[in-house]
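Subject: Structure handover

Hello,

Here is the structure you will be taking over. My notes on what was found follow below it.

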Amino acid sequence: MSAAGLTWRRGHDGRPARKRGDIVTNESRVVVVGAGPAGMAAAIAAADAGCAVTVLDAGTRPGGQYYRQPPPSFGQPLPKLIRQLVSHPRITVQSGTTVVAAQPRDGGGAVLHVLRDDESVALEEAPALVLATGAYDRPLPFPGWTLPGVFTAGGAQAMVKGQHVLPGKRVAIAGTGPFLLPVASALAMAGAEVVGIFEANHPGGWARHLGAALANPTKAAEACRYARVLVGQRIPFRHRHAVLAAHGTDRLQAVTVARLNSDWTPIPRSKRRYDVDALCIGFGFVPSVELAEGLGCELDVDVHGAPVVATTDVVRTSVPGIYAAGEASGVGGAVLATLEGRLAGIAAAGARSLRDETAERRLRRHWARAKAFASALDDVYPLRRGWRSWLDGDTVVCRCEEVSASDIGAALDDGMATDLRSVKLHTRAGMGMCQGRMCAGSLAAIIEGATGASPDPTTFVRRPFAVPVPLSSLASLAPRPTRADSGLSDGSVQ
């Protein structure tokens, strides 16, 4: 693809040849942000419909977390979806490219500002945009969770998948949700000793959703594969258990685990200590909606209190020409994300032949079954309010700014703060590099427990930039004054 004098090489490891400050005018019919399952499926569907497609992805290679690949030197074959993406003649993949800001475009679509190699360029004229921005891990704070050796479940999986590196030799896995199973399986198969999986909820909740489970047999088969690994590796699975504290000086040395009541409050005298050198925690995922909010897309709130992109007809946002697919519009796993990606690609391409309509109807039937399964997951693995009882005054809630639970409590007790914004102003919680991604949900729950009011969960996603941007990159966006602009003539000094 050539635009404004630039040539972007196609390929999963290609990099653009350009000069600092160049402005890129997009010539593609469809632009996709994100190269996970949803983004790749959207790009392929739109390209198959005859559109030129540009995929922008912050990773070094496409695939996202689900299809995360080790470096090419490891010699691991690429999954089918990635091979289809990088070999398609109408798809250009720009890896290592972060979209830092976006504005709606007159007539539909968007204008995107991207950051690459610490330089900003503008990608203009995206008449059809698919947001497949994914989600990130949701941690819950507890004493010691900031110790080295404590990882999010997704982070630990990324280490094993991306570099074949273990987070530790003796590992505990805690949290809630089915994602704990593949993480435990991957670690065990890679050689770690998994001392236990501590699931805060009870899987007996599936009895209420047998229909959704039976309608998705591949999910049951997947669970059976993980179960075989757990049994073969003799990994204990403890439901209604949680890690209440992590212990260590310079790094993690042990964890305290307790049995839980149904509301997640600890059962007295049920604590047990495990010696470990790594802990992986995961309490589900939070959709990444910052770009959608910047574009003016309507947001909704999921059952866990996290903001999601509101959509109609599965993938259409409230802004013309902008579509959302995958976890950004509701966490549901790779299968659901792939189906939504295909529907988004078809919608963005405007494909409406008889053949396309038949394929779309079939996709929608599959999507309905997968969506029912995702809704069942939300019901079986909820976040219970009792986790707040795990905190003590010294527990760090905002790790970027090192704001403790007692700091937040003091601001609430003194009446200085009543909601997320005022807590942020009085304690600096949410002002760090992650911009509240890790702590917003926990802060909201603490505020709700103290005041009885539910804070607006979209507070921290309202910002002009979706991610932190270097000042040098911002400077490159500003027009440079000329001598005529400054009123100076050659040789003048002021």
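Strand E14 (residues 170-175) runs parallel to strand E20 (residues 278-282), and five bridges join the two. Within this pair, Ala172 stands opposite Leu279 of E20. Helices (H or I, at least four residues) and strands (E, at least two) are DSSP runs, numbered from the N terminus. Two strands pair if DSSP finds at least two bridges between them.

The model is predicted: local features need pLDDT of at least 70, side-chain atom pairs count only at pLDDT 80 or more, and totals for chains, interfaces and linings use all residues. Residues are numbered from 1 along each chain as its sequence is written, and side-chain values use heavy atoms, with hydrogens and water left out.

Back to the strands. E14 and E20 belong to an open sheet of five strands with parallel pairing, in the order E13-E20-E14-E15-E16. Its edge strands are E13 (150-152) and E16 (237-239), each of which pairs on one side only. Neighbouring strands are turned by 20° against each other on average, direction ignored. Axes are lines fitted to C-alpha atoms, for helices over the stretch in contact, and angles run from 0 to 180 degrees between N-to-C directions.

Helix H4 (residues 180-189) packs on this sheet. H4 touches E14, E15 (193-199), E16 and E20, and its direction makes about 175° with that of E15. Contact means heavy atoms within 4.5 Å. Leu181 is found in H4. Leaving aside neighbours within four places in sequence, Leu181 is in contact with Ile197, Tyr226, Leu230 and Phe237. The C-alpha atoms of Leu181 and Arg225 are separated by 9.8 Å, with the two residues 44 apart along the chain.

There is also an open sheet of five strands in the order E7-E6-E5-E11-E24, again with parallel pairing. E7 (91-94) and E24 (322-324) stand at its edges with a single partner strand each, so one side of each is left without a neighbour in the sheet. The twist averages 20° from one strand to the next. Three bridges link E11 (residues 128-131) to E24 in the parallel sense. Here Leu129 has Ile322 as its bridge partner in E24.

An antiparallel case is E8 (residues 98-104) with E9 (residues 110-116), joined by six bridges. Val99 is partnered by Val114 in E9. The hairpin of E8 and E9 has five residues between the strands, and Gly107 takes a positive phi near 90° in this hairpin.

Next, aromatic rings. Rings of Phe, Tyr and Trp (its six-membered ring) pair if their centres lie within 6.5 Å; planes under 30 degrees apart count as stacked, over 60 as edge-to-face and the rest as tilted. The whole structure has eight aromatic pairs. One of them, Trp264 with Trp390, is stacked, at 6.1 Å centre to centre and 15° between the planes. Trp264 lies in the loop between E18 (252-259) and E19 (272-275), and Trp390 in the loop between H9 (354-380) and E25 (396-398), so the pair ties together parts that are 126 residues apart in sequence.

Which element gives the largest share of the lining of the second largest pocket? Helix H12 does, with six residues.

Best wishes
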